Amino acid sequence: MKKIINFNSERNSAIEILRIIALLMIFFHHSVLHGGASFWGTHDFQDLVRETLYHSGKLGVVLISGYCLTSSKFRWKKLINLFLEIVFFTFLTYICGLFYNKTSFDPQELKKILLPFSSYEYWFMSGYLLLFLLSPFINFGLDKLRKIDHLIFIIIGLLLCSIIPYFYKYSTYTTTIIYFVVIFLIGAFFKRYPLIDLKIWKFVILVLSIALFIFLNYLIVKNADNAETKKNINRLFYDTYNPLAILIGTGIFTFFTQLKPFSSKVINFIAYPMLEVYLVHDSNYIRPFIYKLVFETKTIPHSSTWALKFIGINFVKFLAVFVIALLLKIIYALTIGNMINFVSRKIEPKENQ
């Protein structure tokens with residue numbers, strides 16, 4: 001059982017905390033985006049909270065992938081397991097969606113489920129799968145590079161996927177793929193060339209990163225009536241590959257990599273189904289149900305306590321999704337995951353002894 005349901009593994013719990021925080025940020029981002037939270041136009045604290053939650057979703061998550069994958073030996077079993085898990089969770093949410101939305105079966109939707117690469121709709125998981133597939137080749141190349149060469153590749157990648165697209169106002173699927181590779185390179189750089197102990201400076205970097213993030217949201221709220229100014233500020237950090245989004249995410253990530261590694265079974269247990277929390281809550285098939293669960297947040301009236309109510313209600317929803325995702329992950333681990341492990345032991349008995 002321990003080998004199948006491995007939430008007590010010796011993972012670095014400092015990074016797992018960041019994983020949990022990142023998923024909370026994504027959940028609240030989607031709560032604003034899909035849950036109908038209004039921008040009130042009052043330019044007050046409630047609008048600031050709304051904008052901060054809206055822009056919080058994509059900071060730091062892919063950095064975790066780069067940091068972890070660069071030190072993990074590639075296994076086909078891992079890739080197959082990740083692919084089947086995505087299909088498993090997406091298929092289950094699709095079946096639930098059919099019953100909830102009372103819609104008829106659509107073969108095109110089934111194609112998207114069985115072939116996650118076929119649609120940009122699942123952009124993060126498609127990118128993550130591709131990154132995982134490319135990781136052994138990237139790591140092999142990084143083994144041949146000097147530190148300065150590694151840094152130059154990061155700079156070139158940032159120019160291609162972040163700086164140039166910002167000034168020329170374009171974005172393509174190719175840009176997104178380059179972005180995933182660049183984030184991998186940044187994570188790998190942290191892993192291969194750890195910073196010296198920053199001591200108190202790591203807290204300064206964290207505070208400055210958060211302060212810059214909140215300040216940018218404040219500028220958007222303040223300039224809400226000036227569409228052009230708001231748009232220009234927004235473009236600096238509203239998406240994962242925007243310049244300040246990468247800067248802020250890297251600053252937050254730096255803090256957690258500077259913490260002394262430790263292992264907590266409680267923290268690792270909470271982090272265990274975070275990928276599945278993402279797959280469940282961001283499913284197009286049951287999303288309408290989730291954002292009506294407990295309380296339909298778009299009906300919360302504007303008041304001095306709107307932010308408190310919105311955060312409280314959606315945190316309860318996050319806990320509900322967490323429990324569902326955890327149960328489904330355990331079911332997957334005991335069935336499909338167990339079969340993958342069994343076949344793997346038969347094919348590679350020495351490796352799995």
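Visitor: Which residues in H2 and H9 meet each other?

Guide: On the H2 side they are Asp 47, Leu 48, Glu 51, Thr 52 and His 55, and from H9 come Phe 213, Ile 214, Asn 217, Tyr 218, Ile 220 and Val 221. A contact here is heavy atoms within 4.5 Å. By class, this set has 6 nonpolar, 3 polar and 2 charged residues. The classes go like this: Ala, Val, Leu, Ile, Met, Phe, Trp, Tyr, Cys and Pro are nonpolar, Asp, Glu, Lys and Arg are charged, and the others, Gly among them, are polar.

Visitor: What sort of model is this, and what goes into the values?

Guide: This is a predicted model: local features need pLDDT of at least 70 and side-chain atom pairs pLDDT 80 or more, while totals for chains, interfaces and linings use all residues. Residue numbers start from 1 along each chain as its sequence is written, and side-chain values use heavy atoms, with hydrogens and water left out.

Visitor: How many helices and strands does the protein have?

Guide: There are 15 helices and 0 strands. Both are DSSP runs numbered from the N terminus: helices are H or I with at least four residues, strands are E with at least two.

Visitor: What makes H1 and H11 roughly antiparallel?

Guide: Helix H1 (residues 13-35) and helix H11 (residues 243-258) pack at about 150°, their axes 8 Å apart. That makes H1 roughly antiparallel to H11. The crossing is right-handed. Ala 14, Ile 15, Ile 17, Leu 18 and Ile 21 of H1 meet Ile 252, Phe 253, Phe 256 and Thr 257 of H11. By class, that contact holds 8 nonpolar, 1 polar and no charged residues.

Visitor: How are H9 and H10 arranged, and which residues meet?

Guide: The axes of H9 and helix H10 (residues 227-234) come within 9 Å and cross at roughly 165°, so H9 is roughly antiparallel to H10. The crossing of H9 and H10 is left-handed. Leu 216, Leu 219 and Ile 220 in H9 meet Lys 230, Ile 233 and Asn 234 in H10.

Visitor: Why is the pair of Phe 189 and Tyr 193 called tilted?

Guide: Rings of Phe, Tyr and Trp (its six-membered ring) pair if their centres lie within 6.5 Å; planes under 30 degrees apart are stacked, over 60 edge-to-face, the rest tilted. Phe 189 and Tyr 193 have centres 5.1 Å apart and planes at 55°, so the pair is tilted. Trp 306 and Phe 310 give a stacked pair, with 4.9 Å centre to centre and 20° between the planes. Both of those residues lie in helix H15 (residues 306-347), 4 residues apart, about one turn of the helix.

Visitor: What makes Tyr 332 count as buried?

Guide: Its relative accessibility is 3%, so Tyr 332 counts as buried. Tyr 332 sits in helix H15. Tyr 332 and Glu 85 are 247 residues apart in sequence, yet 7.4 Å apart in space, C-alpha to C-alpha.

Visitor: What stands out about phi at His 43 and Lys 199?

Guide: Most residues other than glycine have a negative phi. His 43 has a positive phi, near 55°, and Lys 199 also has a positive one, near 50°. His 43 is in the loop between H1 and H2, and Lys 199 is in the loop between helix H8 (173-192) and H9. Lys 199 is exposed, with a relative accessible area of 57%.

Note on methods: Buried means under 20% relative accessible area, exposed over 50%, partly exposed in between (1.4 Å probe, protein chains only). Axes are lines fitted to C-alpha atoms, for helices over the stretch in contact, and angles run from 0 to 180 degrees between N-to-C directions. Angles under 35 degrees count as roughly parallel, over 145 as roughly antiparallel, 65 to 115 as roughly perpendicular and the rest as oblique. A crossing is left-handed if the near helix is turned anticlockwise from the far one by less than a right angle, and right-handed if clockwise.
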